Amino acid sequence: MFKRILIANRGEIAVRIIRACKDLGIESVAIYSQADRESLHAKMADFAYELSQDPIKGYLDADLIIKIAKESHSQAIHPGYGFLSENALFAQKVAESGLVWIGPRAEVIAKMGDKNVARDLMRSNGIPIVPGTLPLNQKTPDELKQIAQDIGYPIILKASAGGGGKGIRVVEEEGKLLESFEACKKEAGLFFGNDDVFMEKCIINPRHIEFQILADSYGNIIHLGERDCSIQRRHQKLIEIAPSPHIDEGLRKKMGVVAIAAAKAANYTNIGTIEFLLDDENQFYFMEMNTRIQVEHGITEEITGIDLVVRQIRIAAGEILELEQQDIHFQGFAIQARINAEDVHNNFAPNPGKITTYYPALGPSVRIDSCIYKDYEIPPFYDSMVAKVIVRATSYDLAVKKLARALSEFTIYGIKTTIPFLKNICKDKKFRQGNFNTSYLSKHLHHLLETDHDDDADTEELSAICAALAYRNKGK
């Protein structure tokens with residue numbers, strides 16, 4: 001087992017990895033920008049190294065991170081999610097430097113990171129994929145129009161190297177095709193340094209279902225069930241559920257077999273997810289593979305009892321996966337809600353600032369994964385997510401009720417957050433019934449943004465409680 005691991009990330013996922021290292025008796029090394037000097041991950045780690053004054057560049061500087069890993073006598077690097085976590089060149093450099101990369105091999109990251117290569121691989125191995133094309137950048141406008149007509153509208157344009165909801169355009173009619181294609185190319189080049197764009201048939205109102213894969217370096221691969229990630233806005237997930245309230249045991253088994261086959265086709269190791277689109281007739285199609293730990297991994301941990309970050313480290317250290325598929329049993333339902341520092345009534349604009357009051361939700365089977373604390377100043381340079389509320393219960397209905405209760409208790413002052421919006425989702429009849437797909441938020445956004453006067457009363461009551469607690473503590 002490793003003695004010391006460098007965490008090439010920040011925020012909530014860095015805190016999560018530090019905790020896993022402590023559980024395994026491994027020393028942790030944090031890296032931080034000047035903007036992150038007061039961040040929780042820099043405070044919690046056994047060792048911490050400042051990167052640079054620039055808030056972003058240091059986290060993307062592969063050579064600098066490897067240099068710090070060497071200087072700190074780390075043996076391995078955990079990339080977390082985001083930043084360089086799916087950068088094949090970084091993974092390759094880590095391996096060539098003599099350090100261990102906690103994740104899949106560089107060539108697998110490269111292969112699965114290129115959506116067209118991944119699609120071809122899946123197609124050649126009998127995995128169902130959405131009808132689509134190779135990159136279209138060399139096609140003429142007339143050729144683009146003909147291809148779209150052959151596939152049939154609506155179509156979706158995607159960046160070949162895309163991810164995180166960037167470089168995607170849905171086109172419902174020919175008149176919008178060329179404009180959308182150019183916009184997609186521009187965004188792809190800006191975010192990924194690769195402006196290749198391809199086209200797919202747009203599956204109308206699908207569910208977004210992903211299967212968690214666990215694979216060692218000796219050919220042993222299992223899945224840990226599915227997560228329903230259909231509650232999303234602009235391709236960004238807001239609420240995730242495990243298992244999906246829509247999928248029965250028969251469909252779960254069928255999709256799980258295909259997910260494992262997809263991972264085997266990629267010669268995959270460590271933790272990853274196979275993502276599918278599921279239509280109204282329960283036909284499913286491979287969408288992509290994420291070659292890293294995911295933001296929503298916690299709900300899979302809650303229903304399986306398996307610590308995924310610990311498993312990542314153990315597999316990277318060369319351990320054999322002792323689990324078989326029949327050993328995996330699901331306990332109830334788990335739901336995760338992402339709390340973002342955003343002003344939902346201002347088009348979800350980021351709302352960084354100083355947290356003046358912080359009381360996270362508590363109670364049985366309520367888990368908070370976060371990196372914030374009272375008086376912490378949220379920097380304006382990074383993703384707006386500040387906490388994840390994860391709840392578990394014996395049924396989906398009870399899990400929704402527990403999430404609603406936890407969100408009502410969760411108190412953050414000094415910044416605006418998405419908590420009121422998430423509470424409204426919990427109250428919505430369709431969500432409570434599990435009757436939703438990827439179009440849910442776009443169809444119901446206006447209703448879900450409405451202010452609830454009962455919430456205002458709750459806020460006033462919580463404010464009074466917080467003021468009383470603050471006064472009492474001040475007198476001690």
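## Domain layout

The centres of domain 1 and domain 3, taken over C-alpha atoms, are separated by 23 Å. This is a predicted model, and its chain is divided into domain 1 (4–102), domain 2 (132–201) and domain 3 (207–443). Between domain 1 and domain 3 there is contact: 33 residues of domain 1 meet 28 residues of domain 3.

## Helix α1

Helix α1 covers residues 11–24, which makes 14 residues. From its first C-alpha to its last, α1 reaches 21 Å, close to the 20 Å expected at 1.5 Å a residue. Just after α1 comes G25, which takes a positive phi of about 75°.

How many of the 14 residues of α1 are buried? The number is 10, and α1 is accordingly described as mostly covered. The buried residues of α1 are G11, E12, I13, A14, V15, R16, I17, I18, A20 and C21.

## The eight-stranded sheet

Eight strands form an open sheet with antiparallel pairing. Their order is β13-β12-β9-β10-β11-β14-β19-β18. Which strands stand at the edges of this sheet? They are β13 (284–290) and β18 (366–370); each has a single partner strand, so one side of each is left without a neighbour in the sheet. On average, neighbouring strands of this sheet are turned by 25° against each other, direction ignored.

Within the sheet, strand β9 (residues 207–215) and strand β12 (residues 270–278) run antiparallel and are joined by nine bridges. In this pairing, I209 stands opposite F276 in β12.

## A215 in strand β9

Strand β9 also holds A215. Is A215 buried or exposed? Its relative accessible area is 0%, so A215 is buried, the cut-off for a buried residue being under 20%.

Leaving aside residues up to four places away in sequence, A215 touches N220, I221, Y268, T269, N270 and I315. The C-alpha atom of A215 is separated by 9.4 Å from that of I260, a residue 45 places apart from A215 along the chain.

## Strands β6 and β8

Strand β8 (residues 197–201) is largely enclosed by the rest of the structure, because four of its five residues are buried. Strand β6 (residues 155–159) runs antiparallel to β8, and five bridges join the two strands. In this pairing, I156 stands opposite E200 in β8. In general terms, strands of a sheet pair through backbone hydrogen bonds, either parallel or antiparallel.

## Salt bridges

The structure holds 34 salt bridges. One of these links E71 with K67, with the closest N and O atoms 3.3 Å apart. Both residues, E71 and K67, belong to helix α3 (residues 62–71), where they are four residues apart, about one turn of the helix. An α-helix has 3.6 residues a turn, so residues three or four places apart point the same way. E71 is partly exposed, at a relative accessible area of 44%, and K67 is likewise partly exposed, at 47% relative accessibility.

Another salt bridge is formed by the side chains of E187 and R169, at 3.4 Å from N to O. This pair links distant parts of the chain: E187 lies in helix α8 (residues 177–192) and R169 in strand β7 (residues 168–171), 18 residues apart. What is the relative accessibility of E187? The value is 18%, so E187 counts as buried. R169, by contrast, is partly exposed, with a relative accessible area of 24%.

## A further pair and a network

The side chains of K374 and D375 also meet in a salt bridge, at 3.5 Å from N to O. K374 counts as partly exposed at 46% relative accessibility, and D375 is partly exposed with a relative accessible area of 42%.

Salt bridges that share partners join R16, E301, E302, D307, R367, D369 and R392 into one network. Among these residues, R16 is also one of the buried residues of helix α1.

Key
Residues numbered from 1 in each chain as written. Predicted model: local features only at pLDDT ≥ 70, side-chain atom pairs only at ≥ 80, totals over all residues. Heavy atoms only, no water. Expected span 1.5 Å × (residues − 1). Buried < 20%, exposed > 50% of the residue type's maximum accessible area, 1.4 Å probe, protein only. Pairing = 2+ DSSP bridges. Axes fitted to C-alpha atoms, helices over the stretch in contact; angles between N-to-C directions. Salt bridge = Lys/Arg side-chain N within 4 Å of Asp/Glu carboxyl O. Domains from an automatic or database assignment. Contact = heavy atoms within 4.5 Å.
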